Amino acid sequence: MKIKVKVKEHSFEKVEIKTEFIQLQAFLKFMGIAETGGQAKEFIQEGKVKVNKEVCTARGKKLRNGDIVSAFSSDYEIVSNINEN
């Protein structure tokens, strides 16, 4: 018996934020990747999320302009028009 698995194509999306940074856990909820904070915590702790091509296990990681989050065959580039001082 053959089993067919539907593979999701890799996608890339730019995500504009109106603040200087957003925490990783909040970003996962904001984008709908995780339905709850608890689910976001699990994804992060299980190593299912990368920031700038490295596995990130810090829920409070601050994502800033230019950072790229990778999760479940999708990449998201953070775009912030707030100037850092």
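This is a short tour of the structure, stop by stop, with something to select at each one.

**Before you start**

The model is predicted, so local features need pLDDT of at least 70 and side-chain atom pairs count only at pLDDT 80 or more, while totals for chains, interfaces and linings use all residues. Residues are numbered from 1 along each chain as its sequence is written, and side-chain values use heavy atoms, with hydrogens and water left out.

**Stop 1: the whole protein**

Show everything as a cartoon. You'll find two helices and seven strands; helices (H or I, at least four residues) and strands (E, at least two) are DSSP runs, numbered from the N terminus. Follow the chain along its sequence and the pattern reads β-β-α-α-β-β-β-β-β.

Of the 85 residues, 32% are buried. Here buried means under 20% relative accessible area, exposed means over 50%, and partly exposed is in between (1.4 Å probe, protein chains only).

How much of the contact count comes from residues 24 or more positions apart? They account for 51% of the contacts with a separation of 6 or more, a contact being heavy atoms within 4.5 Å.

**Stop 2: the sheet**

Go back to the cartoon and pick out β1, β7, β6, β3 and β4. In that order, these five strands make an open sheet with mixed pairing; two strands pair if DSSP finds at least two bridges between them. The edges are β1 and β4 (54-55), each of which pairs on one side only.

Zoom in on β1 and β7. They run parallel and are joined by seven bridges. Select Ser11 and look across: Ser74 in β7 stands opposite.

**Stop 3: aromatic pairs**

A pair of aromatic rings is described by the distance of the centres and the angle of the planes. Rings of Phe, Tyr and Trp (its six-membered ring) pair if their centres lie within 6.5 Å; planes under 30 degrees apart count as stacked, over 60 as edge-to-face and the rest as tilted. The whole structure has two such pairs.

Select Phe27 and Tyr76. Their rings sit edge-to-face, 5.8 Å centre to centre with 70 degrees between the planes. Phe27 is in helix α1 (residues 24-30) and Tyr76 in strand β7 (residues 74-80), so this pair links parts of the chain 49 residues apart. Phe27 is buried at 0% relative accessibility, and Tyr76 is buried too, at 9%.

Next, select Phe43 and Phe72. Their centres are 5.0 Å apart and their planes are at 70 degrees, so this pair is edge-to-face. Phe43 belongs to helix α2 (residues 37-45) and Phe72 to the loop between β6 (68-71) and β7, so the pair ties together parts 29 residues apart in sequence.

**Stop 4: salt bridges**

Side chains of opposite charge can pair when their charged atoms come close. A salt bridge here is a side-chain nitrogen of Lys or Arg within 4 Å of a carboxyl oxygen of Asp or Glu, and the structure has four of them.

Select Glu20 and Arg64, whose side chains meet at 2.9 Å, N to O. Glu20 lies in the loop between β1 (11-17) and β2 (21-23) and Arg64 in strand β5 (residues 62-64), so the pair ties together parts 44 residues apart in sequence. Glu20 is partly exposed at 33%, and Arg64 is partly exposed at 25%.

Two others to select:

- Lys18 and Glu16 meet at 3.4 Å, N to O; Lys18 is exposed at 64% and Glu16 partly exposed at 44%.
- Lys48 and Glu46 have their closest N and O atoms 3.0 Å apart; Lys48 is partly exposed at 39%, as is Glu46 at 47%.

**Stop 5: a charge over a ring**

Select Lys62 and Phe21. Lys62 lies over the face of Phe21, 4.6 Å from the ring centre (the rule: NZ of Lys or CZ of Arg within 6 Å of the ring centre and within 35 degrees of the ring normal).

**Last stop: two positive phi angles**

Select Lys53, in the loop between β3 (49-51) and β4. Its phi is positive, about 70 degrees, although Lys53 is not a glycine, and Lys53 is exposed at 77%. Finish at Ser73, in the loop between β6 and β7. Ser73 is not a glycine either, yet its phi is positive, near 65 degrees; Ser73 is partly exposed at 35%.
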